[in-house]
Amino acid sequence: MRLVNLGLLACAAICSLQAQSLRSLAEQRGIRFGAAVAPSHFSETEYATVLAREFNQVEPENLMKFGLIHPGPTTYSFGPADSIVAFAQAHAMAVRGHTLVWHNQRPKWLTGGTFTPEQLFSILQEHIKTVVGHYAGKVYAWDVVNEAFETDGSLRKTMWSNSPGIGLEGTGYIEQALKWAHAADPKALLFYNDYNAETVNAKSDAIFKMAQDFKSRGVPLDGIGWQMHIGTKPQIAGMETNMKRITDLGLQVQITELDVKVSVDSSGAATPAGLELQAKVYHDIVALCVKNPHCTAIQTWGFTDRYSWIPHTSKGNGAALEFDVNYQPKPAYNAILEALKAPR
Ligand code: XIL
């Protein structure tokens, strides 16, 4: 009898723990909760355990980018990203692909070469066809084009747009990339992804205008990705307005690269007050997504402060994720759980 009781107690503890994971609560809400990952950490037991326990989506932080997956003109390196897909499949997680068309992290053969627009057209077509084709049925959503707009809403000048470009005017190259991706995997959801475009501003206005145009002409665009590498003063009301206009068009919104940086000392530690403020920001953003049925995924850019790009790019800042450097949940983690519990 005593043993049985103990067993029941143990089960109650474990079962409630499982019921409390980010992934189980997200599943109950019908959304995905993801993390950007690097397979070089999979051999670290705690990394793999927390990732599999807490998340139902992964995205390669770097390994599907042009420079890494297509390192030579006729060479593709699928192995590292394939190992992320294998991890995801073993743990019933969805995979987001990131990213097919971007001005950063391109291979040397591309940045160092001289190409005509006709040649670039063929290069990009072949790249998208090959990469999306390789992951057809395995990657459910792609960031097809990343960061194509400037802060003032103008189109960024890049190798793909007009310097020299693939030979198409304005947002024509984005449209073409979406069409190539759709042809390579008609079932994949296709996203345009950008930063500082989550609230209403010149950049998000330009993205919205493009989305309206694409939707009206049947261009295969399924959603807008909000990167959201942010600090502790998000404009929630503006985000809600922007999310509504996007989802009213029939598009999804996915929060794709969330991290909330705070000030840290020279050892990388944040203050307790900083972490509480950060928790509130995470709460409010997750709550915003949970409220709108067309906000279908929330993903953090990494999940442990042990491996985060923030300290490397933003001096004096860090501790931006929901688990600390020792894989312990932070106030942000509990705040996300609370927000995920709210009914839709
Ligand atoms: C970052 C990675 O986190 C870093 O490891 C890499 O050195 C540079 O790129 N927007 C994006 C991401 O779309 O791909 C970037 O990822 C962060 C900004």
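In this predicted model, Glu27 counts as partly exposed, at 45% relative accessibility, whereas Arg23 counts as buried, at 12%. The side chains of these residues, Glu27 and Arg23, meet in a salt bridge with an N to O distance of 3.6 Å. Both residues belong to helix H2 (residues 22-29), where they are 4 residues apart and therefore separated by about one helical turn.

| Pair | N to O distance |
|---|---|
| Glu27 and Arg23 | 3.6 Å |
| Asp143 and Arg96 | 2.8 Å |
| Asp248 and Lys244 | 2.6 Å |

For the pair Asp143 and Arg96, which meet in a salt bridge at 2.8 Å, the setting is one of strands: Asp143 lies in strand S4 (residues 141-146) and Arg96 in strand S3 (residues 94-101), so the pair ties together parts that are 47 residues apart in sequence. Asp143 is buried, with a relative accessibility of 0%, and Arg96 is likewise counted as buried, with a relative accessible area of 1%.

The salt bridge between Asp248 and Lys244, at 2.6 Å, is found within helix H10 (residues 236-248), where the two residues are 4 residues apart and so separated by about one helical turn. Asp248 is exposed, its relative accessible area being 55%, while Lys244, at 48% relative accessibility, counts as partly exposed. Beyond these pairs, salt bridges that share partners join Glu175, Lys179, Asp213 and Arg217 into one network.

How values were computed:
Residues are numbered from 1 along each chain as its sequence is written. This is a predicted model: local features need pLDDT of at least 70, side-chain atom pairs count only at pLDDT 80 or more; totals for chains, interfaces and linings use all residues. Side-chain values use heavy atoms; hydrogens and water are left out. A salt bridge is a side-chain nitrogen of Lys or Arg within 4 Å of a carboxyl oxygen of Asp or Glu. Buried means under 20% relative accessible area, exposed over 50%, partly exposed in between (1.4 Å probe, protein chains only).
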